[in-house]
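Here is a short tour in questions and answers. Look over the sequence and the structure first, then read on.

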Amino acid sequence: MRKIYIFDTTLRDGEQSPGVNLNTKEKVEIALQLEKLGVDRIEAGFPAASPGDLAAVNAVATAIKNATIIGLSRSREQDIDAVREALKGAQDPCIHLFLATSPIHRKHKLRMEKEQVLETAERAIRYAKKYFDKVEFSPEDAGRTELDFLCEVTDMAIRAGATVVNIPDTVGYLNPQEFGNIFKTLKQNVPNIETIQLSAHCHDDLGMATANALSAILNGADQVEGTINGIGERAGNTAIEEIALALATRADYFGATTTLNLKEIAKTSRLVSKLTGMVVPGNKAIVGANAFAHESGIHQDGMLKEKTTYEIISPDTIGLRESSLVLGKHSGRHAFREKLIDMGYELDEEAVNVAFAKFKNLADRKKNVTDEDIRAFLEEKLVDTPEVFTLETIQVSYGNQSTPSASVIIRQADGSVSEGTAEGNGSVDAIYNAIDKVTAEAVELEDYSIKSVSQGKDALGEVHVVLNQNEVSAQGRGLSTDILEASARAYIDALNRLIEKRKSPGRRDKMSLI
Ligand code: KIV
Ligand code: ZN
């Protein structure tokens with residue numbers, strides 16, 4: 001079987017998703033999980049974008065031992081120097097240079113002729129090569145670049161020392177046949193093409209990112225770039241979990257494989273969704289909540305008789321283990337511990353005690369505590385933010401004929417406790433106005449979303465908010481069986497993150513790739 005290298009860009013292209021802004025701790029947390037998943041390469045960010053981005057890439061480079069760490073760079077010396085600085089501690093560093101090559105980009109964005117593009121890219125690759133053994137070059141918007149020019153660019157990149165040439169369909173314009181043909185053409189026409197790796201980087205604007213990447217594999221690509229859950233610029237990137245499962249399920253057809261630990265997929269997907277605040281649609285392939293749900297009677301009947309009638313992938317393959325043990329308020333510590341083991345968690349004694357206390361608290365409010373509930377509260381606080389504000393109590397008054405009002409009591413880091421009361425257009429608005437009175441932080445609510453963690457009227461609700469203060473955004477999450485309490489917790493979590501962010505070196509809010 002041919003090995004396909006997986007280049008994960010969740011922390012770079014994925015982080016370019018609108019509304020997503022990961023802090024350094026969150027990036028490291030995701031990178032550690034990607035390492036467990038077994039991705040070969042991790043693109044940790046764009047160091048030249050800001051000192052904060054550089055610091056985040058550096059933190060990932062220091063934490064990860066079993067994957068190549070990559071920093072993105074425009075084709076200019078200052079950017080390359082920023083990547084050198086960021087990757088100082090990396091065990092296996094690589095630089096990813098890019099320069100646009102398509103006629104549209106050459107004319108309107110770069111204002112360069114073909115010759116200038118070739119010269120600029122060659123200079124950058126040769127400069128980078130002085131400091132890095134591994135250099136990847138991407139002709140940005142390769143998908144709309146003339147094929148003969150793309151061959152010329154690839155030839156130049158090989159001669160200048162690139163070790164990987166990545167072909168991005170930057171705007172998700174191509175169909176599988178056209179994208180596959182690029183790889184075929186490069187393989188047939190570029191001298192010494194066998195000395196480098198060819199890589200595919202697809203965007204999903206027309207819903208073809210995964211199909212295009214698979215077509216590239218069939219036509220000789222050695223590496224696929226993508227993100228977990230397919231997040232990324234605009235409609236997103238190729239979803240890594242889709243590539244991995246397509247190759248694993250249809251090995252007979254593709255004759256290629258990844259070395260990913262597939263059992264880590266569900267966990268990685270949940271972590272990325274939680275930390276980015278990007279909810280995975282229910283019908284999303286592989287990791288959506290309905291991906292293994294069978295609704296119609298005919299399908300259920302078939303499943304009961306023989307699973308393979310309607311199931312091509314077992315949920316167990318991606319680490320979704322549903323145990324039959326249902327827990328409730330009468331369940332003891334022993335049953336709870338058994339459940340954790342069954343679900344694949346390895347917690348020490350102290351962590352089990354904390355988790356058990358949370359479970360008992362939840363079981364008082366909810367009849368059956370499901371696996372999703374347990375996962376939600378176990379994975380609620382993977383990344384700790386210092387709590388400047390903590391919610392002590394919340395009281396809401398609502399009637400459809402009266403103005404909603406809310407009172408909150410909040411403890412501050414110095415131990416002092418303050419109360420705030422306010423009215424609002426709705427209950428959540430009243431709560432947020434009351435919190436604003438206590439904290440005196442001038443913030444704008446940029447985004448608010450709510451989802452149910454499990455089924456039933458008493459399900460846990462998870463609220464996600466994005467707050468903005470002076471062009472700096474921070475997200476927050478809150479979990480509770482009561483959506484108003486979850487809303488308050490999410491808002492306070494975001495406030496604490498904003499305050500933490502003010503203290504850390506400036507991170508740009510969005511990358512400008514020009
Ligand atoms: O989509 C794209 O062209 C990119 C490049 C930076 C590789 O993300
Ligand atoms: Zn991209």
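Donors here are N, O and S atoms within 2.8 Å of the metal (3.2 Å for Na, K and Ca); water is not among the atoms, so sites may look incomplete. This is a predicted model: local features need pLDDT of at least 70, side-chain atom pairs count only at pLDDT 80 or more, and totals for chains, interfaces and linings use all residues. Residues are numbered from 1 along each chain as its sequence is written, chains are lettered from A and ligands numbered from 1 in the order in which they are written, and side-chain values use heavy atoms, with hydrogens and water left out.

Q: Which residues are the protein donors of the zinc ion (ligand 2)?
A: The donors lie 2.0 to 2.2 Å from the zinc ion (ligand 2). Their spacing in sequence is D-x187-H-x1-H. They are Asp13 (OD), His201 (NE2) and His203 (NE2).

Q: How many residues apart in sequence are the parts that Asp13 and His203 tie together?
A: Helices (H or I, at least four residues) and strands (E, at least two) are DSSP runs, numbered from the N terminus. Asp13 lies in the loop between strand 2 (5-8) and helix 1 (24-37), and His203 in the loop between strand 8 (197-202) and helix 8, so the pair ties together parts that are 190 residues apart.

Q: Which residue stands opposite Ala200 in strand 9?
A: Strand 8 and strand 9 (residues 223-226) pair in the parallel sense. Three bridges join them. Opposite Ala200 stands Val224.

Q: Is helix 8 roughly parallel or oblique to helix 9?
A: Axes are lines fitted to C-alpha atoms, for helices over the stretch in contact (heavy atoms within 4.5 Å), and angles run from 0 to 180 degrees between N-to-C directions. Under 35 degrees counts as roughly parallel, over 145 as roughly antiparallel, 65 to 115 as roughly perpendicular and the rest as oblique. Helix 8 (residues 209-218) and helix 9 (residues 240-249) pack at about 50°, with their axes 10 Å apart. That makes helix 8 oblique to helix 9.

Q: Which residue stands opposite Ser405 in strand 13?
A: Strand 12 (residues 405-412) and strand 13 (residues 417-423) run antiparallel, joined by seven bridges. In their hairpin, four residues lie between the strands, and Gly415 takes a positive phi near 95°. Ser405 faces Glu423.

Notes
Pairing = 2+ DSSP bridges.
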